[in-house]
Amino acid sequence: MKVTIRLQLVMDNKEKILKILKSKGHVLSADLVKELKISRQKVAKHLSQLVKMGLLEKEGSTRNAKYSTNKYRNPAPSSTDMAIRLLKNIKDLQEDKVYAEVELRLGLKKFPLNVQNILFYAFGEMLNNAIDHSQAKKADIHVSKDSRFFKFTIKDSGIGVFANVQKNFKLENEFQALEHVLKGKQTTFPEQHSGQGIFFTSKIADTFTIRSHKIEVTNENLTDDLRVKEIKYLNGTEVSFEISRRSRKILRDLFHQYANEEFEFDRTTVKIKLTAERELLARSQAKRILAGLEKYKIVILDFKSVKEIGQAFVDEIFRVYHQRTPEVQIQYINANPAVEFMILRCLRTNSKN
C-alpha cells in the first residue's frame with residue numbers, strides 16, 4: 001500500500017507540472033519549486049523524466065534552463081501513426097531479418113540514431129529469446145509508432161519464460177524464477193545466450209513488461225519503479241517494450257555501467273580489448289561490444305586472452321552487423337587458432353551468399 005501511494009504522488013506532481021506549463025507556456029525550475037512546494041531535487045527529477053518522455057522541451061542548462069510544452073503539447077493523431085502485425089514461424093527464423101522488415105515498413109531509419117540502436121537491440125534480443133527458448137511454433141508480433149512512442153509486443157504460446165527457468169534451475173516456483181531473471185545473468189541456453197538480454201532491454205526501455213502464466217512484471221524506468229502482480233493465467237510469454245521517439249538514452253551508456261571491456265578511442269578507429277572472464281558465445285555480448293560504434297570507420301577486436309567464441313557471437317559481428325553498417329570495417333588481432341577458425345568460417349560462408 002505504501003508503494004501505491006508513493007507512485008500516485010509522483011504522478012500527481014508530474015501532472016501538476018504539465019498543467020502549469022500548459023497555462024504559462026514555459027517556466028523555470030525555481031518557479032515550480034515555489035508553486036509546488038517541493039524540493040529543487042524533486043522538481044529536477046520530475047522535469048528530467050518528462051523531458052525523456054518527450055513531453056517537455058528543455059532550453060539552456062543548469063538552474064536557468066527553461067522548460068516548455070510548445071512543441072509537444074497534446075500531439076494530434078498523425079498520418080505517420082502506424083501499426084503492423086506479423087505472425088512468424090519460429091523455425092529457422094532470423095531476428096535481424098524480421099527487424100529489417102519492421103524497419104522498412106515503419107520507416108524507422110527516420111528515428112534518431114540513438115533510438116534506432118536501442119530498437120534494433122531490444123527487438124532482436126526479445127525475438128531471439130522466443131526463437132531459442134520458448135519451444136513455440138509461432139511468434140505473434142505487434143509493432144506500432146505514433147508521434148510520441150515506439151512500441152512492440154512479442155507473444156508466443158510456448159513453455160513460458162518463468163516456467164522454463166524454474167525447470168532448468170530446479171527452483172520451487174515461478175516467482176523464484178522471476179528473481180533469477182531479474183538478476184540479469186541467468187540463461188537456460190548458455191550455448192547461445194549470456195542471459196543478459198532481458199536485463200538490458202528492461203533497463204533501456206521507458207516501460208518494459210513480461211507476462212507469463214500467472215506473473216506480470218513491469219519495469220517503469222522513468223519513475224524507477226518495479227511492479228510484480230498475479231494475473232489471470234496466460235499461456236506462453238508476452239513481452240512488451242515502449243520507448244519515446246525523442247528518447248535521449250544511449251545504449252552504450254547503459255552497457256558501460258556494467259561492462260568490463262577496455263576501450264581505446266581515436267577519431268576513426270576503436271580498439272576493443274576483450275576480457276576473458278567468460279567465453280564470448282552470445283549475440284547479446286556481441287551487440288554490447290558493437291553498440292554505438294557506427295561513427296567509426298575501423299573497429300579492431302583484440303582477442304588476446306579469449307579462448308573460445310561461439311557461432312552466434314561471430315554471426316552477429318561478421319554478418320548481421322556488417323550487413324547493417326557496411327561502412328564500418330571490422331578487423332581482428334591476437335586470435336588463437338580456435339577463435340580464428342570460427343571467424344574465418346563465418347567469413348567464408350558470408351562470401352558465398
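Tutor: On a 1 Å grid over the protein atoms alone, a cavity is a set of points where a 1.4 Å probe fits but cannot get out, and lining residues have an atom within 4 Å of a point. The model is predicted, with local features needing pLDDT of at least 70, side-chain atom pairs pLDDT 80 or more, and totals for chains, interfaces and linings using all residues. Residues are numbered from 1 along each chain as its sequence is written, and side-chain values use heavy atoms, without hydrogens and water.

Student: Which residues line the second largest cavity?

Tutor: The whole structure holds two cavities of 30 Å³ or more. The lining of the second largest cavity consists of Glu-95, Asp-96, Tyr-99, Phe-120, Gly-124, Lys-287, Glu-316 and Val-320.

Student: Is Asp-92 buried or exposed?

Tutor: Asp-92 is found in the loop between β4 (82-89) and α4, and has a positive phi of about 65 degrees although it is not a glycine. Buried means under 20% relative accessible area, exposed over 50%, partly exposed in between (1.4 Å probe, protein chains only). Its relative accessibility is 69%, so Asp-92 counts as exposed.

Terms used
1 Å grid on protein atoms, 1.4 Å probe; cavity = no way out; pocket = protein on both sides within 12 Å on 5 of 7 lines; lining within 4 Å. Points joined across faces, edges and corners; volume = space filled by probe spheres on them. Helix = DSSP H or I, 4+ residues; strand = E, 2+ residues; numbered from the N terminus.
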